[in-house]
Amino acid sequence: MSDHGPAMPMTARRAGPLTGTADVPGDKSISHRALILGALAVGETRISGLLEGQDVLDTARAMRAFGAAVTDQGGGDWSVHGVGVGGFAEPQDVIDCGNSGTGVRLIMGAMATSPITATFTGDASLRKRPMGRVTTPLTQFGAQAYGRSGGRLPMTVIGAAQPVPVRYTLPVASAQVKSAVLLAGLNAMGQTVVIEPEATRDHTELMLRGFGAEVAVDETDDGRAITLTGHPELQPQTIAVPRDPSSAAFPVCAALIVEGSEVLVPGIGLNPTRAGLFATLREMGADLTFENERDEGGEPVADLRARFSDGMRGIEVPPDRAPSMIDEYPVLSVVASFAEGKTVMRGIKELRVKESDRIDAMARGLEACGVMVEEDEDTLIVHGMGPGGVPGGAVCEARLDHRIAMSFLCCGMAAQRPVSVDDAGPIATSFPVFEGLMTGLGADLFRPAS
Ligand code: S3P
């Protein structure tokens with residue numbers, strides 16, 4: 001069990017304009033994958049710009065437990081000496097993935113086709129989240145999984161001694177499930193096929209190819225079919241991790257709602273499977289420009305410039321865009337509170353099984369800040385109050401969820417009265433420099449006594 005220390009309340013007060021350059025940390029999804037694929041290659045993979053957030057550090061520790069040599073070389077540079085596909089050793093102790101659904105689900109996939117047993121756990125948030133979505137396909141490879149009721153952690157996975165490849169259609173749009181199946185397929189002789197009816201982030205496919213695996217992607221009537229040929233010899237790589245668009249979302253959205261702001265967020269990964277928020281913000285009328293668009297290490301990257309936008313209007317967010325902005329709905333709902341008219345977000349029931357039930361967490365916190373919201377199982381509707389129109393003056397629950405904590409702090413930067421979160425500790429899982437970075441731009445954040 002890895003619950004972090006005492007709660008760390010934090011408050012954001014309305015401040016002057018946010019100005020300057022925001023160097024956000026490396027991409028969380030790509031960082032996890034770089035460590036895991038590095039551990040499955042033979043030889044030394046070098047990673048620069050790794051996110052040194054707690055989620056990724058927990059994955060680094062897990063890779064060591066499975067036998068890889070993972071070294072922090074300072075300044076975001078890391079080295080991984082991998083053990084090869086099928087080379088994982090059996091961990092001597094429980095694997096604690098902390099707060100990270102991506103970490104635990106991808107690692108379960110990576111070990112499920114090796115003849116070893118591992119027991120996984122995590123913090124109080126992760127122990128509530130469903131693991132059946134990955135163990136169902138993993139058992140088709142021949143693995144076994146025994147967890148608590150509802151497929152919750154702690155859970156023991158017994159890897160398949162003689163894995164067979166799998167053909168699996170994703171029942172939910174989840175890059176974690178897709179990735180778990182592909183990673184398991186590495187050690188199954190033959191072709192493993194994953195079909196995703198809705199495209200989700202494709203970092204695993206791109207990186208597998210980069211490491212030398214044979215991965216074919218076909219658009220079919222049933223969706224994207226990804227075919228991996230098992231038993232590749234993965235070649236170690238040099239990986240430059242782009243900066244995380246999901247972290248960039250916070251300084252960008254804060255700049256849009258705090259009067260007079262102009263913030264530049266350089267070097268942001270803009271893989272189309274991740275960039276839905278920025279399209280949505282532009283449709284709302286946000287003054288957001290992409291500069292210096294380029295390709296870095298196979299991923300599209302640009303510098304984002306966000307300026308205070310007092311003419312934003314609520315829109316209907318197309319539900320088919322949800323997978324490309326799934327982590328950004330909490331902060332979008334804050335921007336929506338400062339727009340004119342209502343913003344309708346449908347097709348988002350996956351938010352209910354994230355680090356927290358994000359529809360409920362945002363609805364209750366926004367209501368406490370004086371914003372009118374409507375919700376159902378799959379929908380959140382926010383009635384905007386216009387620029388500067390949100391009363392604020394509330395303490396919102398973060399619910400062990402980094403993105404909920406950061407979203408409400410962004411709300412407090414523009415609301416009439418301060419907004420607090422009961423615990424900003426989880427922010428360290430994905431954006432450990434959030435407080436200093438936002439303060440450096442001019443935000444007024446402080447830690448009241450708990
Ligand atoms: C992730 C996939 C998404 C996302 C998570 C990171 C990944 O989860 O919410 O933050 O790196 O594969 P789902 O696969 O559950 O949609």
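Biologist: Which residues does Met 8 touch, leaving out those up to four places away in sequence?
Modeller: In this predicted model, Met 8 is in contact with Asp 422, Asp 423, Ala 424, Gly 425 and Arg 447.

Biologist: How many residues apart in sequence are Met 8 and Gly 425?
Modeller: They are separated by 417 residues in sequence, while their C-alpha atoms lie 5.6 Å apart in space.

Biologist: And where is Met 8 found?
Modeller: Met 8 belongs to the segment before β1, the strand that spans 10–13. Met 8 counts as partly exposed because its relative accessibility is 23%.

Biologist: Changing topic, how many disulfides does the structure hold?
Modeller: The structure has zero disulfides.

Biologist: What about Cys 410?
Modeller: For Cys 410 the closest cysteine sulfur is that of Cys 253, 7.1 Å away and likewise too far for a bond.

Biologist: Is Cys 410 buried or exposed?
Modeller: Cys 410 is buried, at 0% relative accessibility. Cys 411 is also buried, at 0%.

Biologist: Now the ligand: which residues surround it?
Modeller: Among them are Lys 28, Ser 29, Arg 33, Thr 102, Arg 201, Ile 326 and Lys 354.

Biologist: What lies 2.7 Å from an oxygen atom of the ligand?
Modeller: That is an N or O atom in the side chain of Asp 327. The protein buries 96% of the 390 Å² that the ligand exposes when taken alone.

Key: Residues numbered from 1 in each chain as written. Predicted model: local features only at pLDDT ≥ 70, side-chain atom pairs only at ≥ 80, totals over all residues. Heavy atoms only, no water. Helix = DSSP H or I, 4+ residues; strand = E, 2+ residues; numbered from the N terminus. Buried < 20%, exposed > 50% of the residue type's maximum accessible area, 1.4 Å probe, protein only. Contact = heavy atoms within 4.5 Å. Disulfide = S-S within 2.5 Å. Near = heavy atom within 4 Å. Polar contact = N/O pair within 3.5 Å; in protein donor to acceptor, adjacent residues only side chain to side chain. Areas by Shrake-Rupley, 256 points an atom, 1.4 Å probe, with all protein chains shown as cover.
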